[in-house]
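This briefing concerns the structure shown below. It takes up charged side-chain pairs, then individual helices, then the chain as a whole.

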Amino acid sequence: MSRIYEALQKAESERKSERREEESQTPEQPVSVGTIAAAIDEAEESGSESAFAEPIFAEPIFSETYRVSSTPRIGGESLDLSKVATRQWSMSLEQLPALQERGPAVEQFRSLRSRIFELRDISPLKTILVTSGLPQEGKSFVATNLALSLARHKNSKVLLIDGDMRRYTLHQLLGCESHPGLADYLAGKATILEVMQRPEPLQSASSAATAVLPNLTFIAGGNGGDKAADLSGSPRFGELLRMAAPYFDWIIVDSSPVLPVSDAVNLARSCDGVLLVARGGVTKFPVAQRAQSELKASNVLGFVLNAVLETPEVGGYYGYDAAKK
Ligand SMILES: Nc1ncnc2c1ncn2[C@@H]1O[C@H](COP(=O)(O)OP(=O)(O)O)[C@@H](O)[C@H]1O
Ligand SMILES: [Mg+2]
């Protein structure tokens, strides 16, 4: 964990000096989108230099195993996705930088995406849960922007699930309904098709969103309330993923923080991998460490270092082929 430790420490000292500057300037600064880098803790433990890997620009080799089947069937059951409701979405574009045409944030999410492709070449990976130790570290921000970035790649089909049934916020970023959602499905009050939604085609023809959104299907949080812990332990979540998997290239699940509640640890058991988010200048190293140990029964893919000013060993690449999708 030494690399994560160093990076978090560095981010904290940068944030402190930033704060000192802000205090002397008074007017409020807009929050900028920080650097995001994937870190693989196994590499860190072995002392490898690749903990914060250079972004990989080569396209991953796609294996047929991960292609979306044209006639998917699981145990004789199939989902008719043409029955999924399309609704009007009104997205919060400033919170969805992965939808910009180009720029640093697009590059950073693309770099994270490349790391994920690389991991998928090593072992099967389709369902990824995004979590962190505590609230406000950027789980929902990373999960949603990662889903958009994945959907931007070769028209990949992506299912985004708001698995935080207590403080569900993804519907706010996407500007759509929050009900019915995952909690309703897990409680047996709604079917998979009833909780899925897709955006109606957008009017603005030029935006990246127009190209990306048809690839996105969303399941909102629904309201789990005090039942969220029980619901997250339901075998229906694993069934949902098994039913949906053949229709999607990627399934991204946002979740609650792992230290205060057990929901994310429960959901993670049904996922292929877990991405942990640590926020520069906010997440303390012991919190990141404890979050990881809560998930030891799952396949932790690594840390996404969110909102740091500068990522160690990742630099000078923002201009690289920025127009490429
Ligand atoms: N890299 C970032 N740049 C700018 N704002 C961010 C970034 N990451 C998170 N935020 C903002 O911080 C707040 C908390 O993020 P959120 O993703 O909701 O946290 P969590 O899901 O972990 O509780 C949100 O307002 C979000 O837009
Ligand atoms: Mg959240």
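In this predicted model, Asp80 is partly exposed, at 35% relative accessibility. Asp80 forms a salt bridge with Lys83, with 3.7 Å between the closest N and O atoms. Lys83 itself is exposed, its relative accessible area being 61%. The whole structure contains four salt bridges, among them the pairs described below.

- Arg110 and Glu107 form a salt bridge in which the closest N and O atoms are 2.7 Å apart.
- Both residues belong to helix α3 (residues 104–122), where they are three residues apart, about one turn of the helix.
- Arg110 counts as buried at 10% relative accessibility, and Glu107 is buried with a relative accessible area of 2%.

**Asp263 and Arg166**
- The side chains of Asp263 and Arg166 meet in a salt bridge, at 2.8 Å from N to O.
- This pair links distant parts of the chain, 97 residues apart: Asp263 is in helix α11, whereas Arg166 is in the loop between β4 (158–162) and α5 (170–174).
- Helix α11 spans residues 263–268.
- Asp263 counts as buried because its relative accessibility is 0%, which is under the 20% cut-off.
- Arg166 is partly exposed, with a relative accessible area of 33%.
- Apart from neighbours within four places in sequence, Asp263 is in contact with Arg166, Ala228, Ala229, Ser232 and Ser256.

**Helix α10**
- Helix α10 covers residues 235–244, of which Phe237, Gly238, Leu240, Leu241, Met243 and Ala244 are buried.
- The N-terminal end of α10 is capped by Ser234, which places a side-chain oxygen 2.9 Å from the backbone nitrogen of Arg236.

**Helix α12**
- In helix α12 (residues 285–294), the buried residues are Phe285, Val287, Ala288, Ala291 and Gln292.
- Viewed down the axis of α12, these buried residues fall within an arc of 165 degrees, so they line one face of the helix.

**The chain as a whole**
- The secondary structure of the protein chain consists of twelve helices and nine strands.
- Of the 325 residues in the protein chain, 55% are buried.
- Among contacts between residues at least 6 apart in sequence, 85% join residues at least 24 apart.
- The protein chain has an accessible surface of about 14,700 Å², and carbon and sulfur atoms account for 50% of that surface.

Methods: Residues numbered from 1 in each chain as written. Chains lettered and ligands numbered in written order. Predicted model: local features only at pLDDT ≥ 70, side-chain atom pairs only at ≥ 80, totals over all residues. Heavy atoms only, no water. Buried < 20%, exposed > 50% of the residue type's maximum accessible area, 1.4 Å probe, protein only. Helix = DSSP H or I, 4+ residues; strand = E, 2+ residues; numbered from the N terminus. Polar contact = N/O pair within 3.5 Å; in protein donor to acceptor, adjacent residues only side chain to side chain. Contact = heavy atoms within 4.5 Å. Areas by Shrake-Rupley, 256 points an atom, 1.4 Å probe, with all protein chains shown as cover. Arc of directions from axis to C-beta.
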